[in-house]
Amino acid sequence: MGSCGTWAWQELLVLLSSLLWLWADSAQPTPPGPTPNPGPQLKFRLAGYPRKHNEGRVEVFYNDEWGTICDDDFTLANAHVLCRHLGFVAAVGWAHSAKYGKGVGRIWLDNVNCAGGEKSIGDCKHRGWGNSDCSHEEDAGVVCKDERIPGFKDSNVIESEQSHVEEVRLRPVVSGARRQLPVSEGIVEVRYKDGWAQICDEGWDSRNSRVVCGMMGFPAEKKVNRNFYKLVSKSQPKQKHREDVGPRKRLFSERQQLNYRLHSVSCTGTEVHLSMCAFEFYRGNASAACRAGMPAVVSCVPGPLFTTANGHKKKQRQQQQGQQRIRLKGGAKVGEGRVEVLKSSEWGTICDDRWNLLSASVVCRELGFGSAKEALTGARMGQGTGPIHLNEVQCLGTEKSLWSCPFKNITQEDCKHTEDAAVRCNIPYMGYETLIRLSGGRSRFEGRVEVALGAGDGDQPRWGLVCGEGWGTLEAMVACRQLGLGFANHGLQETWYWDASNVTEMVLSGVKCAGHEMSLSHCQHHGTSLSCRNTGTRFAAGVICSETASDLLLHASLVQETAYIEDRPLHMLYCAAEENCLASSARLANWPYGHRRLLRFSSQIHNNGRADFRPKAGRHSWVWHECHRHYHSMDIFTHYDILTPNGTKVAEGHKASFCLEDTECEEGVAKRYECANFGEQGITVGCWDLYRHDIDCQWIDITDVKPGNYILQVVINPNFEVAESDFTNNAMKCNCKYDGHRIWVHSCHIGDALSEEANRRFERYPGQLNNQIS
């Protein structure tokens with residue numbers, strides 16, 4: 001009996017354990033991969049706007065309630081764990097500051113710290129469920145690798161298709177011989193399955209139009225002639241449209257059967273994406289939908305840069321009309337950059353505390369772009385200089401100007417330039433990237449430049465090469481911008497090593513860009529009159545592009561503090577004369593007798609960009625200077641000039657070819673470059689190169705300068721040999737008065753740090769009556 005009972009109990013235990021195993025297996029299948037599908041107590045989904053299926057705001061279902069995760073201390077390791085929860089193999093990135101919009105409800109997790117291999121986000125260190133000091137402005141998002149874990153059963157619905165609006169477009173309905181870009185008026189359509197669907201306009205108002213226009217890159221909406229489109233919506237043919245039967249200018253360019261997807265759209269006007277608005281989907285068969293309405297139609301007002309194809313001319317015209325009090329700096333593309341504002345005649349930055357999409361959208365629209373795609377924090381577009389004017393900017397989204405938004409004045413303890421705010425704005429689609437391509441390079445970021453001619457006439461474009469003669473960094477910057485590849489590392493005049501294309505005809509020559517253009521076609525060029533001395537393919541222009549670039553700035557106040565005059569005997573200037581550091585009249589002097597009068601000052605050059613500043617030339621072409629016993633990696637690095645108030649040059653320093661190295665760095669930044677022992681040359685991000693006033697050639701020879709009022713000008717990287725994210729801040733100017741014996745240097749500032757009016761006052765400086773500088 002005892003043995004039978006024992007056997008029965010063993011059988012029962014085996015049976016129960018089998019059932020438990022089967023139940024657990026059905027409740028939580030374990031696919032091949034590091035993380036099993038989470039149990040029923042935890043569910044995960046991606047939400048928000050604008051996004052693809054593998055990215056979005058992370059939402060967690062815990063304790064019968066959906067909530068979000070705070071971005072404090074968030075890392076890529078956290079994103080790996082969450083992406084595996086969602087059925088993706090890994091993460092490729094993550095987003096902070098509610099990039100995909102603010103969630104609602106609880107913030108379930110804060111200060112999450114995963115190692116990356118955890119099976120559940122609950123296994124990671126965190127403050128505890130529901131314990132958070134965050135707001136929904138700090139909701140975290142993830143970008144998962146678009147590869148599913150094999151066998152993963154998706155019990156966690158990644159936001160159902162019924163409640164998701166991802167892509168929106170304007171379909172133009174008026175066509176002529178040529179369709180102009182940008183498309184600023186048309187039927188609003190949303191991506192649905194493999195095609196496009198319309199929105200019923202019942203209840204549609206200008207606030208909805210404002211949101212759509214912002215998404216399309218336009219700052220404002222305007223009224224549209226609804227009756228003009230009503231005629232069309234009531235006469236949709238069943239058959240496919242035949243091209244251009246009838247008059248040259250037709251009412252519809254693309255007739256198609258209407259397929260309504262959304263209705264009852266209700267926006268407040270401040271949303272940056274249509275998916276943020278309230279709306280409803282048509283369920284089931286929507287063929288009889290929108291009986292009392294028609295497709296929603298929107299008409300937008302383009303910003304000044306996009307009113308014609310020649311946006312750069314419009315930009316110049318706008319600048320002539322008056323200076324704006326806001327600008328973007330340091331961005332690779334049009335419509336992105338560090339936000340700078342003009343206050344008390346001086347440009348400064350904005351601290352990123354509470355910086356969000358609403359405030360960023362006000363900036364974007366004020367500058368003639370659409371709503372904001374991203375509100376960037378942490379000096380993502382490089383650090384600015386000068387004052388930080390504003391902090392905790394909190395716009396409602398309806399303001400016409402950032403200056404109408406509530407903000408706090410800054411104090412020295414509040415913020416540093418490592419917290420400079422930046423934006424990425426929606427801009428209209430212009431199609432410029434379809435007119436240029438690279439060939440032969442080792443990666444998509446480099447190659448020989450090929451441009452398309454005649455692409456706008458409906459004919460097949462004719463691809464050809466660009467003459468390398470005169471091609472430099474500024475032209476390469478425009479080419480990389482047009483390609484959407486960021487900044488230019490190098491502009492190359494010979495590309496024989498990339499000879500891998502069947503395109504051999506040279507079609508463009510004499511390209512000369514200012515650097516801000518959106519397309520090479522906006523730059524000066526020879527047009528149809530090709531003029532190129534070397535038309536062989538080896539002499540075609542090429543580029544190497546980069547997502548980041550350096551940004552050099554001179555420490556202006558140090559120049560002012562260290563400037564003085566020295567009369568230096570000629571017998572101590574032989575090395576300087578050998579390196580052309582003296583005025584031309586020194587050749588006629590009675591060597592070694594006599595002296596030269598030198599204006600000496602220290603020069604401290606900072607790299608505030610996002611990439612190291614490296615000389616263009618490799619070590620093999622550096623020049624050894626025996627007299628000073630060091631290598632020069634750049635022929636021309638800095639110009640020192642003395643100018644009259646009307647800009648006439650009366651004295652110049654040598655065209656300095658310095659040895660580039662990290663003299664000092666900010667806290668936490670390690671030095672990388674040192675000239676000694678034929679070391680690598682450059683300036684690391686966050687470091688500076690210091691040239692003391694007492695070293696050779698750190699001067700301007702003013703022996704021949706007469707007493708008077710002058711401007712001292714220092715220009716870094718004057719020939720644009722090395723690419724930078726911003727060349728407009730490479731010049732520094734000071735007022736100076738020279739009485740023949742002493743010199744007073746004051747009001748030193750970076751060239752673009754002051755307002756236009758302040759610069760005009762600076763250049764009209766009448767001189768000093770005494771040696772007291774107020």
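Trainee: What makes Tyr 62, Trp 108 and Trp 129 one aromatic cluster?

Mentor: Ring pairing does: rings of Phe, Tyr and Trp (its six-membered ring) pair if their centres lie within 6.5 Å, and Tyr 62, Trp 108 and Trp 129 form one such cluster. By that rule the count comes to 14 aromatic pairs. Keep in mind that this is a predicted model, where local features need pLDDT of at least 70, side-chain atom pairs count only at pLDDT 80 or more, and totals for chains, interfaces and linings use all residues. Residues are numbered from 1 along each chain as its sequence is written, and side-chain values use heavy atoms, with hydrogens and water left out.

Trainee: Why is the pair of Phe 61 and Trp 66 called tilted?

Mentor: Planes under 30 degrees apart count as stacked, over 60 as edge-to-face and the rest as tilted. The planes of Phe 61 and Trp 66 are at 50°, with the ring centres 5.0 Å apart, so tilted it is.

Trainee: And why is the pair of Phe 279 and Phe 281 edge-to-face?

Mentor: Their planes are at 80° and their centres 5.3 Å apart, so that pair goes down as edge-to-face. Both Phe 279 and Phe 281 are buried, too.

Trainee: How do you know whether Phe 61 and Trp 66 are buried or partly exposed?

Mentor: Check the relative accessible area: buried means under 20%, exposed over 50%, partly exposed in between (1.4 Å probe, protein chains only). Phe 61 has 18%, so Phe 61 is buried. Trp 66 has 26%, so Trp 66 counts as partly exposed.

Trainee: What makes Arg 45 lie over the face of Trp 66?

Mentor: A charge sits over a ring if NZ of Lys or CZ of Arg is within 6 Å of the ring centre and within 35 degrees of the ring normal. Arg 45 is at 4.0 Å from the ring centre of Trp 66. Likewise, the charged end of Arg 327 sits over the ring of Trp 347, 4.1 Å from its centre.

Trainee: Why do Glu 680 and Arg 614 form a salt bridge?

Mentor: The term asks for a side-chain nitrogen of Lys or Arg within 4 Å of a carboxyl oxygen of Asp or Glu. For Glu 680 and Arg 614 the closest N and O atoms are 2.6 Å apart. Both residues sit in loops, so the pair ties together parts that are 66 residues apart in sequence.

Trainee: How many salt bridges does a search of the whole structure find?

Mentor: It finds 33. Some share partners, joining Arg 327, Lys 329, Arg 338, Glu 340, Asp 726 and Asp 752 into one network.

Methods: Helices (H or I, at least four residues) and strands (E, at least two) are DSSP runs, numbered from the N terminus.
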